[in-house]
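Reader: I am new to reading protein models. Could we go through a few features together?

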Amino acid sequence: MTIPSTVTSIGASAFFNNGDLTTVTIGSSVTSIGDYAFAEGALTTVSIPNSVTSIGAYAFEGNLLSTVTIGNSVTTIGAGAFNTNALTTVTIPNSVTTIGASAFYSNALTTVTIGNSVTSIGDDAFAGNLLTTVTIPNSVTTIGDEAFAWNLLTTVTIPNSVTSIGDDAFAGNSLTSVTIPNSVTSIGAYAFFGNLLTTVTIPNSVTTIGDGAFAWNLLTTVTIPNSVTSIGSNAFADNLLNTVTFFGNAPVGGRDVFGGNSSLARVSRYKGTAGWGSRWGGLPIRILVADLRAFTAVKPRITGTATSGRTLTAAKGTWSGYPSPTFTYRWYACTTVVSAASATVPSTCKKIAGATRSTFKLTSAQRGKYVAVFVTGKSLRTTATSWLSKTTSKVK
């Protein structure tokens, strides 16, 4: 079947459940392919022309596709668009920004190339395939639930752009090691469940580790960084752990975090950290007496009214470290807003001469500007840690 060049859009369910449709040529004027447009057919191959900008949900679901060419104007691949076919390889062009949930679920993919404009990979997007390796481009910020679950992955590259890894995202693969970038703040439930991990590095950006996140692997040692405030039930269950070390304050822990690790007799934490009892996760605690760099779980902020003549106060936040950190302060006047605490000072912020105490009285020189405070904590014999607070409102 040939769709003529006079056609500009293919409507929802236009050729749905058409078992006699084995081939289709889509005209070069078509810009959109609707939901379920060719679903439940017998197509074996399809080429989507460069004129198409969007592929609807389940547009080609349930065919016999072994090859597909996606034109370089497509920006959105809808949920389930190529779900349950026989694709072995696919190239997603650089024009695509969103890959919908289950878009390529349950095919036979051994190779996938993801274009460098994709920002989100939906739930189950590539689940249930035969992928052994995948490179996720630097544009991606979110990896959805089960996005790459139940493949044959032995290696995966997660870029520094990713901030969250969804539930079961890489579950049921054959990963032996994984590097989680320091942009990631949350690791979803069962994210790496049922792999062959022998080592994992959890960066100091992660605050939450979900239920079962690393369960059923081959880990022998794990280090929990300062930043982690919550660890879910069974997060590291059924590994080969013999050493667990916490670098920060006691996190909130779920049930049986380290269950099924018969060689793990105790966990270790550093002196100078807070919130601990004599046991954690049902295991006794060993205290390590060693220098520990200052770390802040709650970042600095400013209290007070941003009006000339009023006094601002630096609330330094919540810190840990050993020996106990000491603090210094430096106030800045900024020409633009700093919307989140930062480890660096932007070029739009300049030091206010002589402003080095925990309080600062505003003057007319700061009117029309935004004020921030740079707090530095240092534990003796360690490297200092510094954070710039968010700015005040514009000084009046």
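Author: Let's start with a pair: D256 forms a salt bridge with R255, and their closest N and O atoms are 3.4 Å apart. This is a predicted model, where local features need pLDDT of at least 70 and side-chain atom pairs count only at pLDDT 80 or more, while totals for chains, interfaces and linings use all residues. Residues are numbered from 1 along each chain as its sequence is written, and side-chain values use heavy atoms, leaving out hydrogens and water.

Reader: What counts as a salt bridge?

Author: Side chains of opposite charge can pair when their charged atoms come close. Here the term means a side-chain nitrogen of Lys or Arg within 4 Å of a carboxyl oxygen of Asp or Glu.

Reader: How many salt bridges does a search of the whole structure find?

Author: Two. The other case is R381 with D291, whose closest N and O atoms are 2.9 Å apart. This pair links distant parts of the chain, 90 residues apart: R381 lies in the loop between β35 and β36, D291 in the loop between β27 and β28. Strands here are DSSP runs (E, at least two residues), numbered from the N terminus.

Reader: Is R381 buried or exposed?

Author: Buried means under 20% relative accessible area, exposed over 50%, and partly exposed in between (1.4 Å probe, protein chains only). R381 is exposed at 56%, whereas D291 is partly exposed at 34%.

Reader: Which order do the strands of the open sheet have?

Author: Two strands pair if DSSP finds at least two bridges between them. The three strands run β29-β30-β34, with antiparallel pairing. β29 and β34 each have a single partner strand, so one side of each lacks a neighbour in the sheet.

Methods
Helix = DSSP H or I, 4+ residues; strand = E, 2+ residues; numbered from the N terminus.
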